[in-house]
Amino acid sequence: MFVEYTWLVPLVPAICFILVGFFGNKFDKHNGGGYLAIFGVAFACVLSVLISIEFFTSEAYSDPGYVTQQFTWFVFPGGFEINIGYYVDTLACLMMMFASFISMLIFIYSLGYMHGEGKRKRRYFAEVALFVTGMLGLAISSNFLEMFIFWEIMGLCSYLLIGFWSFSHPDGDDKADNAASAAKKAFLVTRLGDVSLMAGLFVLLFAFKSLDYTVVFDAANIASVDHNLIILASLLIFGGAIGKSAQFPLLDWLPDAMAGPTTVSALIHAATMVKAGVYLVARCFPIFCEASSVLLLVAIIGGVTAFFAATMALNNMNIKKVLAYSTLSQLGYMFLALGAGGYMIALGIETGDTALIAAGSLGYTAGCLHMVNHAFFKALLFLCSGSVIHSTGTEDMREMGGLDKKMKITSITMLIGSLSIAGFPFFAGFWSKDLILEQTLHASQFGAAGWVFLVLWILAIITAFMTAFYMFRMWYMTFRGPEGKNSKHCHGESPRSMTIPLMILSVFAFGFGFVLFFGFDSLLCIEIEHGQFRVGGGEAEGFEYLVDFFTNVWTYVTIALVLLAIYIARAMYSKRTIDPAKFNKNGESWLYKALTKRWWFPYMYDQISWKLGYGVARGVEYVDKNIVDGTVNGLSNAVVGSGDLMSKAQTGNVNNYAAVVMGGIVVLFVAIIALFFFMGGL
Amino acid sequence: MIPIEFFLAFAAILFAIGAYGVMTKSNTIIVLMCIELMLNAANINFIAFSAFLGDATGQVFVIMTISVAAAEVAVGIAILLNAYKIRKTTETDALTSMRW
């Protein structure tokens with residue numbers, strides 16, 4: 001009843017984008033069409049909730065585990081048919097619900113946050129509406145090409161929004177240039193991943209002659225296609241996910257993307273954009289699970305990114321940058337969970353061990369749950385930091401401090417978000433993070449590459465410790481301790497339109513983890529019947545998880561580490577009993593420098609692009625100048641030169657001409673005689 | 001009777017002298033005269049072969065050639081006179097500006 005109208009979910013925000021983009025300032029002078037954008041995304045949110053409720057409860061949809069409807073878009077020779085339509089399963093339902101809900105809150109918040117932007121609010125609200133269209137369209141696409149189109153729409157919107165202040169920045173021209181270059185960087189770096197994704201789609205199209213999910217994920221089709229082609233396609237598609245979700249080694253654009261408005265950062269980090277990469281991997285599980293080595297790579301990339309991004313957040317002074325690094329780190333956790341779970345599923349399929357497949361399915365659940373939890377607490381944290389920036393006018397945490405009395409709501413909601421991301425017991429982040437750690441440890445018992453997961457598990461435990469530390473370092477530096485120079489003239493709590501979304505989000509950031517006990521694992525898990533993958537339809541274990549969690553000794557170790565990290569952060573930045581300067585030797589230690597320089601990642605990119613890119617460019621220039629141009633110039637020189645040479649023969653002297661005539665006659669004569677000889681005459 | 005080889009050798013010598021003169025002399029009058037020498041060497045060949053073969057066609061050709069040569073010399077001298085009027089010289093070395 002509602003499922004048939006799934007196509008409206010991205011369409012309504014898209015229509016709002018057009019209306020706001022063209023007429024925003026006409027019908028809404030104060031907010032540039034903001035209310036229409038909010039209406040569009042609210043409509044999408046309500047509709048997606050209705051669709052999800054119908055999909056989850058109706059028996060009619062439970063058999064294949066998905067609903068799809070599509071029509072032929074175009075056909076091209078060789079039997080390739082490209083369709084367009086929607087594909088709803090529990091993963092798509094989850095994606096569109098949390099993306100539209102969080103986007104709606106961010107839009108409402110934007111009414112207050114972007115208050116001073118004047119006429120440019122029209123542009124802002126049009127672009128964010130398109131951004132949400134991209135994410136919702138991605139979630140319900142029925143084939144890879146349609147998905148890729150929405151994927152690219154998001155890439156475009158991230159470019160436009162990160163560079164929102166590139167024309168004129170409230171803090172001056174330097175910031176405007178910074179925003180412009182950050183936008184370019186985000187666009188170009190994600191483009192690298194997108195090229196890889198596109199190549200992956202070509203491989204899939206070559207192998208399956210179709211890009212429909214129903215065709216590509218069909219067990220019989222997968223079995224009939226060359227195994228190596230599928231592995232190649234998986235690796236290339238994962239390259240796209242790396243670019244979009246800013247994983248190692250394409251992680252450097254996300255911290256720079258902080259140059260945009262804070263609400264845009266919240267959108268990119270929580271509801272859209274970076275979640276698309278995780279979604280893509282989760283969506284492509286049927287082909288990823290063809291080879292355990294692919295998922296091992298996913299897990300390694302995730303684990304390494306989680307660790308390194310967390311280290312970079314340890315000493316950063318910019319409140320938004322700390323959050324950006326924590327996003328990278330949490331995305332790493334999601335990939336780690338998907339990799340570990342998928343690794344077990346792949347091994348289970350190889351050995352025919354159904355228990356192992358069931359165990360791996362939990363990794364999928366953990367990854368998806370962490371994705372949603374992260375969306376809630378990261379949106380909350382970004383909006384809180386936006387609220388702080390809005391009232392203090394700075395992003396530097398050294399200029400804040402002691403704000404908890406002036407901004408009560410922001411400080412409490414941000415505390416909830418920080419506890420959630422740190423994995424404090426019973427907060428949302430705790431459940432999913434613990435599940436991920438447990439999965440990684442579990443995966444280390446299987447297969448020849450099990451020891452890798454043991455290493456990744458140790459990294460993940462250390463990352464959990466660092467996460468708790470840097471989040472509470474941020475919280476204490478902002479809200480406790482002595483007042484910085486900007487907190488003295490802070491103008492109090494933010495307006496209602498900003499604080500109400502914070503309160504709503506903090507409820508979810510605290511409580512969303514409990515869905516694990518109310519059937520979340522039966523909706524988002526991998527079930528395999530006769531080799532056919534499907535999402536959802538498993539058995540809900542409910543409160544058995546509670547027993548699992550609290551009979552596991554490592555849970556207590558993690559909790560102890562988190563509490564220790566919070567205690568250290570409090571001692572260093574609130575009580576001042578430990579001097580932070582002692583650890584970094586006043587910024588002289590090599591580790592401190594390495595972290596400030598982001599482990600030389602930007603330097604590495606520069607070197608690669610200068611040395612390699614410039615080298616290639618020089619080589620190309622050489623070929624162009626000397627071979628392409630050389631051929632043309634050489635030809636013309638040859639013609640001109642021979643002309644010059646011939647013109648020398650034209651002396652104008654009659655005697656010379658006569659001599660040439662004579663010579664010609666002699667040559668002719670000799671030639672004729674020779675010819676006679678050859679012909680046998682004379 | 002004088003053998004034909006003598007005529008041919010004589011004509012060849014005459015032709016060579018003419019050709020040498022055309023190629024080396026810078027005085028235009030002498031060049032014209034040398035051209036006449038070469039022409040007449042060819043005429044001698046015609047006559048010699050005509051006598052040798054007992055065929056009068058060669059002699060007819062020679063009369064034709066002589067009349068054409070006369071016309072040709074008249075044209076040549078006329079060009080020379082004009083050139084002399086304009087350039088005050090008839091040396092071939094000085095008359096080199098007529099190329100393209």
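1. Helix α15(A) passes α18(A) in a left-handed crossing. This is read from a predicted model. Helix α15 covers residues 319–351 of chain A and helix α18 covers residues 428–443; their axes cross at roughly 40° and come within 9 Å. Two packed helices are described by the angle between their axes and the distance between the axes.

2. Which residues of α15(A) and α18(A) meet? From α15(A) they are A:Q330, A:Y333, A:L336, A:A337, A:A340, A:G341, A:Y343 and A:M344. On the α18(A) side they are A:K433, A:I436, A:L437, A:Q439, A:T440, A:H442 and A:A443.

3. Strands β1 (residues 67–76) and β2 (residues 80–88) of chain A pair in the antiparallel sense, over nine bridges. A:V67 has A:V88 in β2(A) as its bridge partner. Three residues lie between the strands of this hairpin, and A:G78 there takes a positive phi near 100°. In a regular strand the side chains alternate between the two faces of the sheet.

4. A:Y213 belongs to helix α7 of chain A, residues 213–216. Is A:Y213 buried or exposed? Its relative accessible area is 1%, so A:Y213 is buried, the cut-off being under 20%. Neighbours within four places in sequence aside, A:Y213 is in contact with A:Y87, A:S141, A:S142, A:N143, A:F144, A:M147 and A:R283. One of these, A:Y87, falls within the residue range of strand β2 of chain A. A:Y213 and A:S647 are 434 residues apart in sequence, and their C-alpha atoms are 73 Å apart in space.

5. A:K121 is in helix α4 of chain A, which covers residues 121–140. With a relative accessibility of 3%, A:K121 also counts as buried. Leaving out residues up to four places away in sequence, A:K121 touches A:H30, A:N31, A:G32, A:M114 and A:H115.

6. On confidence, the predictor gives the complex an ipTM of 0.82 and a pTM of 0.77. Chain B has an average pLDDT of 89, with 97% of the residues scoring at least 70. Where pLDDT is low, the predicted coordinates should not be read in detail.

Definitions and conventions
Residues are numbered from 1 along each chain as its sequence is written. Chains are lettered from A and ligands numbered from 1 in the order in which they are written. This is a predicted model: local features need pLDDT of at least 70, side-chain atom pairs count only at pLDDT 80 or more; totals for chains, interfaces and linings use all residues. Side-chain values use heavy atoms; hydrogens and water are left out. Helices (H or I, at least four residues) and strands (E, at least two) are DSSP runs, numbered from the N terminus. Buried means under 20% relative accessible area, exposed over 50%, partly exposed in between (1.4 Å probe, protein chains only). Contact means heavy atoms within 4.5 Å. pLDDT is the predictor's confidence in each residue, from 0 to 100. Two strands pair if DSSP finds at least two bridges between them. Axes are lines fitted to C-alpha atoms, for helices over the stretch in contact, and angles run from 0 to 180 degrees between N-to-C directions. A crossing is left-handed if the near helix is turned anticlockwise from the far one by less than a right angle, and right-handed if clockwise.
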